[in-house]
Amino acid sequence: MRGIQHPASDLVDWTSPRLPPLTPLEMEPAQDAFVKISPDSEGDPHLPELLRELDCMPLAITLMAKLAEVGETVQELLSQWRQEQVKLLSRPDGDRRSSIEVSIRLSLMSSSVRTNTDAIALLSVLARLPGGASLTQLSTICPSISGWKAALRVLRTAALVYDSPDKTVVQMLSPIRSYILLHHPLEKGPLQDLRAAYYALADKGKAYHGDSDLDDVMTELQKEETNLDAIIIDALSNAGDKEDALVAALAYSNYLSLTQPRVNVIVAAIRAARDTGSTQLPDCLQSYGDTLRFQSQYDAALIALEEARDKFTLLGDSSSAAYCLWSIADALRVRSRYDEACSVLEKAMRHFNDLNDPVGASECLCNLGAIYEEQGNFELARSTLEEARSQLVEQGADLGIANCLRALGRVYRAQGEYEAALSIAEEAKFAHIELHDQLGTAHTLKLFSDIYYDQEAKSLFGKHHDGFSSSLGIADCDISLGKILRLQGRYDKAIELLEEARAIFSTQNSKKSDAAECNEEIESALKAQSNCGQS
């Protein structure tokens, strides 16, 4: 845009730093552009003068040429532009450089737009949709604009809107959108219709892993993410009654957690819920905390989840409070705060049992098994996870089963039972795929690569180990595998092998640098192990 100030700054989230302004065309290209749209204007003596008045700005040229194409003469356009420019300059903030704004205004004053009673109303609806409006959804989005098809033809002719390359979405350039938002706000009735349509769309985001239509829902919502963001955030800020917007924000945030977790909508929802004293505040805080967890922002997640748990408790919602405890424990586990995590999980299990929620209790048991695995207590982890899986199978909790299988695969891998680990990982992979759980599937594929990597390392180690007649050859293998295990975070086994190598080097006729290398590797492993325990 040409102006130096952002228009509609209260409605539009402008980029920062600001993008550079568009560059004017030279006179000859400007004339060519105008004549290509309006061939009858070629050679008109007033055209260069009009283009100079327009500062040769591309959008202004397009809008004026469109008016000339449908019957206005260049001289008439020049006269109209000067009249509107005088009005603009009479304002305190008037600026001669605002040729685009004047051009938009003249387009809106054209006879075709003025004589169509639905044109401005439709334009005001479209301005609320930065992602454009699907042509198949326009009747749902603006049911009160019965003549939207004719109005759309008028707006296309005036170059105020344009179609996407595949002709399925009608869109608007951002300068025009900004002008319409500022000067032609949507009336209450059409605005309520628009919000209701997008609230209904957002409600589909409540789908969960395993729902038969999950893929279709995700595809539908993905196409409308830009509009959903704009509609819901605007309603959370400006709607008189924000409860429906809060419901929509929660459903939409659930969808986001299944795809690309982000917090912009749920943060706006938390602000609105606090301002209005809504009872949906703890739900918003829980959604926010879980999203932060998915983004690996565990400290911030803990703060939000603990506040959500406290508020659920005050409201007497013990079930939601228990699920907050589960999420809190998971964040603590990832931060290696294992004792705290176990304590919180045991508390959550008691709550779930009191609430007669066996699935919640079994998922807590599964998380306990994952903690034991990370602590290196593989036998306890194995028995705990097997018990959790048995319970979840009995309860038909498919997602819990898939997660439990993946954790069991990690245990079998750590114990060197690679064939069993691969078999369980394969079962977990298909379970996650059946549930349309992309993140779980990705984690399982990562497990496969880890198992194959370990398997190959063991094979190579065994071949070299068996092939060496000297202790020094064994020591070389020990130090190589110790380095691999240290990089994988398997510090105890790494230290064991490195100490074995150091002992061999110290008793054999080897270079001093060999023992020194072992000492450096052991020191690195101990330091990493200590940092892991403190994080």
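A salt bridge is taken here as a side-chain nitrogen of Lys or Arg within 4 Å of a carboxyl oxygen of Asp or Glu. By this rule the count comes to 22 salt bridges. The structure is a predicted model, in which local features need pLDDT of at least 70 and side-chain atom pairs count only at pLDDT 80 or more, while totals for chains, interfaces and linings use all residues. Residues are numbered from 1 along each chain as its sequence is written, and side-chain values use heavy atoms, with hydrogens and water left out.

Three of these pairs can be followed along helices, which are DSSP runs of H or I with at least four residues, numbered from the N terminus. In helix H16 (residues 281-294), Asp290 and Arg293 are three residues apart and therefore separated by about one helical turn. Their side chains meet in a salt bridge, with an N to O distance of 3.1 Å. Both Asp290 and Arg293 are buried, where buried means under 20% relative accessible area, exposed means over 50%, and partly exposed lies in between (1.4 Å probe, protein chains only). The pair also belongs to a network of salt bridges that links Asp290, Arg293, Asp330, Arg333 and Glu374.

Helix H21 (residues 378-395) holds Glu386 and Arg389, which are separated by about one helical turn because they are three residues apart. The salt bridge between the side chains of Arg389 and Glu386 has an N to O distance of 3.1 Å. Glu386 has 26% relative accessibility, so it counts as partly exposed.

In helix H23 (residues 418-434), Glu426 and Lys429 are three residues apart, and so about one helical turn separates them. Their side chains form a salt bridge at 3.4 Å, N to O. Glu426 is partly exposed, with a relative accessible area of 28%, whereas Lys429, at 18% relative accessibility, counts as buried.

The nonpolar residues come next. A nonpolar core is a set of buried Ala, Val, Leu, Ile, Met, Phe, Trp, Tyr and Cys residues joined through side-chain atoms within 4.5 Å. The largest such core has 143 residues, of which Phe34, Met64, Leu122, Leu138, Leu160, Ile232 and Leu236 touch the most other members. Helix H14 (residues 243-258) supplies the largest share of this core, nine residues. Apart from this core lies another, of nine residues, including Ile479, Ile504, Phe505 and Ile522.

Leu122 can be taken as an example from the largest core. With contact meaning heavy atoms within 4.5 Å, and not counting residues up to four places away in sequence, Leu122 touches Leu138, Cys142, Ile145, Trp148, Ala151, Leu152 and Leu155.

Terms used:
Helix = DSSP H or I, 4+ residues; strand = E, 2+ residues; numbered from the N terminus.
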